[in-house]
Amino acid sequence: MRKRSGTRAALASALALAMLATACSGAGEVGESADVDLDVAPGVTDDAVVIGSHQPLTGPAAPGYLAVSQGAAAVFEYVNAQGGVNGRQIDYRVEDDKYDPSETIDVTRQLVIEDEIFAMVGGLGTPTHSGVLDYLNEEGVPDIFPSSGALAWNNTEEHPLTYGWQTDYTKEAKIQGEYIAENFPGQDVGYLYQNDDIGVDSQAGLDQYLGDEVVARQHYESEVPDLSSQMAEMENSGAEVIVCSCIPAFVALAMLEAAGMGYEPQWVVSSIGGDTATLQALLSTFTEGTDAEDVPADAFLADTIITSYMPRVEDEDDDWAQFFLAVYDEYGDGGPPTNTHVFGMTQAVMFAQVLKSAGEDLTRQSLIDALETQEWQGPGYTPFASSDGDHGGHEGVYVVQYQSGGDIEMVQEARVTDREGGPIEEVDFERLSPEDLPFHD
């Protein structure tokens with residue numbers, strides 16, 4: 001694999017088409033603080049509730065991101081087949097923003113003004129959703145579970161109607177840093193990260209546990225499909241462990257660059273890049289027509305350490321994974337199910353739970369009250385924050401290691417922490433069972 005004639009050009013060509021394809025991390029009258037009227041119910045009739053989302057359905061990001069809305073749509077179809085929520089069918093309207101912030105503004109205004117959505121659910125992407133954050137809050141539209149791990153979603157003073165979903169990048173990176181310090185003592189560490197809030201927030205967490213061990217910090221620009229210089233610097237620095245705070249396209253590219261150099265670091269990949277099914281597809285695509293074409297995609301992923309907070313499609317013993325596979329098999333529309341589909345499915349399950357709790361007399365205020373006044377349990381492995389001034393969503397991650405052949409080994413159970421210098425703690429948390437869903441068949 002050291003011989004790479006034509007490999008980088010082929011990779012760059014493939015990645016240029018799909019480089020963004022898989023990035024993807026107190027109770028009361030909120031309406032008073034937001035200075036908007038929430039005792040309203042646009043999009044709600046006796047038999048339906050209209051919700052919306054902006055997603056990249058076309059363009060270079062669609063190959064990976066499309067799976068999020070496909071997964072959510074499958075769950076909403078399943079819920080509707082069970083009679084809906086409180087007698088109402090969920091009308092899930094997804095508009096294509098092509099992962100272009102200017103398009104996001106246009107389609108969000110369309111959803112709010114023309115479709116009169118009751119709530120925005122799972123709007124995808126940090127640069128895209130950031131551009132409509134103020135607008136949604138000013139218009140009094142509940143902004144539920146943005147699909148990103150940015151800290152901006154947990155700012156209850158400025159955006160009281162926004163409720164985060166992903167474990168934020170800093171909390172996740174803290175847990176990664178502690179894991180590396182405890183399990184790879186004395187080994188040199190390199191950081192590879194996207195040059196935006198993903199990189200900034202991830203380093204803030206990692207640096208709380210890693211100091212002199214860090215011998216390289218390399219960033220990439222999401223529009224530049226070439227990691228040759230970054231990986232050369234990693235190898236020259238002697239980094240034995242690489243923490244990749246990267247979207248999947250760049251995880252795959254980094255692994256291929258390293259393999260082509262004969263460089264074999266231990267990979268630690270964050271949840272935004274750790275969908276192994278998507279990575280295998282990308283690795284297969286990127287190696288077509290190259291010297292690595294005959295190398296199984298699985299070989300590049302062997303022993304990779306991944307952090308996550310959701311059920312995984314590879315886990316045959318997980319009740320939620322099996323539930324989602326069954327739902328997708330009956331109601332899904334798209335390719336084989338991946339963990340990116342599961343991301344959207346978990347969001348949909350949690351939103352449907354909140355909608356159920358909001359009651360038959362549905363208003364935006366009752367939805368917010370439901371979020372704020374309960375401790376939510378769902379498919380995720382960690383507690384979920386949506387009240388008391390904390391809209392951070394999932395509070396931690398577990399650690400798994402990918403084995404050749406597709407098996408996943410749990411190497412550290414879920415732990416939780418804060419963004420700052422607080423401790424990392426094991427968590428005594430009981431997940432909801434699929435059988436306990438209020439709309440389970």
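Is E116 buried, exposed or partly exposed? At 47% relative accessibility, E116 counts as partly exposed, a class that lies between buried (under 20% relative accessible area) and exposed (over 50%), with a 1.4 Å probe and protein chains only.

This is a predicted model, in which local features need pLDDT of at least 70 and side-chain atom pairs count only at pLDDT 80 or more, while totals for chains, interfaces and linings use all residues. Residues are numbered from 1 along each chain as its sequence is written, and side-chain values use heavy atoms, with hydrogens and water left out.

**The chain as a whole**

The protein chain contains 15 helices and 15 strands; these are DSSP runs numbered from the N terminus, with helices (H or I) of at least four residues and strands (E) of at least two. Its radius of gyration is 21 Å, close to the 22 Å that the globule rule gives for 441 residues, so the chain is as compact as a globular protein of that length. The radius is taken over C-alpha atoms, and the rule is 2.2 Å times the number of residues to the power 0.38. Along its principal axes, the C-alpha trace spans about 65 × 45 × 40 Å.

Of the 441 residues, 60% are buried. The protein chain exposes about 16,500 Å², of which carbon and sulfur atoms supply 43%; accessible areas come from the Shrake-Rupley method with a 1.4 Å probe, and for residues only the protein chains shown count as cover.

**Charge**

The protein chain has 17 positive and 79 negative side chains, and the centres of the two sets lie 5 Å apart. Lys and Arg count as positive and Asp and Glu as negative, whereas His and the chain ends are not counted. Each charge is placed at NZ of Lys, CZ of Arg, CG of Asp or CD of Glu.

A negative surface patch includes E316, D317, D407 and E430 among its members. Patch residues have over 30% relative accessible area and no salt bridge, and like charges are joined within 9 Å; a salt bridge is a side-chain nitrogen of Lys or Arg within 4 Å of a carboxyl oxygen of Asp or Glu. D407 lies in the loop between strand 13 (396–402) and strand 14 (408–416).

**Individual residues**

| Residue | Phi | Loop |
|---|---|---|
| K98 | about 55° | between strand 2 (89–96) and helix 4 (101–114) |
| E116 | about 50° | between helix 4 and strand 3 (119–121) |

K98 is partly exposed, with a relative accessible area of 39%. D369, found in helix 15 (residues 364–373), is also partly exposed, at 23%.

Technical notes: Patch = residues over 30% accessible without salt bridge, like charges linked within 9 Å, V, L, I, M, F, W, Y side chains within 5 Å.
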